[in-house]
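I opened this notebook to record what I looked up in one structure. The entries follow the order of my reading.

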Amino acid sequence: MSAPTAAPSGARADTAPPGPAARRVRPPRWLDLRLVLGVLLVLGSVLVGARVVTAADATVPVWSAAGDLAAGTVLSDADLVPVSVRLDDVAEAYLATSTRPAGRVLARAVRAGELLPRSVLEEAGDLVQLALPVQAGYVPPGLDRGQVVDVYAVADPVVGGSAPTGGGVDVVVSGAPVQAVTGRGDGVLSTATSTVQVVVAVAAEDAADVLASIRGRGLVVVVRNSVEATAGPSGPAAGAVPAGPTD
């Protein structure tokens, strides 16, 4: 029976076999070509998207008409509404909200919602605003600023005239834009004989002739169908003078 072989001096019986050699972890390369291309694609997409959104929202604030306004209307702030629209290359042709056109006169009629071109404005010149007292029963219920009216003088006490009956019917104002209507009451105490003040724009040189032609007669206001109507009638229209109010 042989004796066991002794282990070499200094060696351990449970020593593990040597493993694979450790590899050094290389730091990431931030200048990798694929990474750079990816970043550039993302930035390009963001810039293109921002440009598309900006172009779609390239609107400018301009003035538009709050209602139908006849030629010759002296503009007020209440006639104008700010809107933002996309006009591209024609933006300079319209009035931006940074301008204040109140006090200027319309050279032509404009419709409600129409953008206000610079070309339709002119200076007030020699226009004056003439206030005419009219009995409420002879003012159309829907009469409003910006409409075109004819005003007739009637020698009839029922219409509010103080002159003797007679003298027929005469047109004293033809195709004038209404600047304001005041004194009209809608309550239960208002009557057809109460006085309404109708303010119209006329040339300064014509104001005296208009007042002289009234000669104490009562007035009747007739509204034209369109704010674009400018030609005055050649004489009293049939049915222009309504019947007086009945008791």
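I took two strands as paired if DSSP finds at least two bridges between them. Helices (H or I, at least four residues) and strands (E, at least two) are DSSP runs, numbered from the N terminus.

I noted that this is a predicted model, in which local features need pLDDT of at least 70, side-chain atom pairs count only at pLDDT 80 or more, and totals for chains, interfaces and linings use all residues. Residues are numbered from 1 along each chain as its sequence is written, and side-chain values use heavy atoms, with hydrogens and water left out.

Entry on the sheet. I found an open sheet of five strands, ordered β5-β8-β7-β6-β9, with antiparallel pairing. The edges are held by β5 (127-135) and β9 (218-223); each has a single partner strand, so one side of each lacks a neighbour in the sheet.

V154 has V169 in β7 as its bridge partner.

I located a nonpolar surface patch of about 630 Å², made by L33, L35, V36, L37, V39, L40 and L43. Patches are made of residues with over 30% relative accessible area and no salt bridge, with like charges joined within 9 Å and nonpolar side chains (Val, Leu, Ile, Met, Phe, Trp, Tyr) within 5 Å. Accessible areas come from the Shrake-Rupley method with a 1.4 Å probe; for residues, only the protein chains shown count as cover. A salt bridge is a side-chain nitrogen of Lys or Arg within 4 Å of a carboxyl oxygen of Asp or Glu. L40 lies in helix α1 (residues 33-56).

Entry on a loop. R215 is found between α2 and β9, and its phi is near 50 degrees, a positive value in a residue other than glycine.
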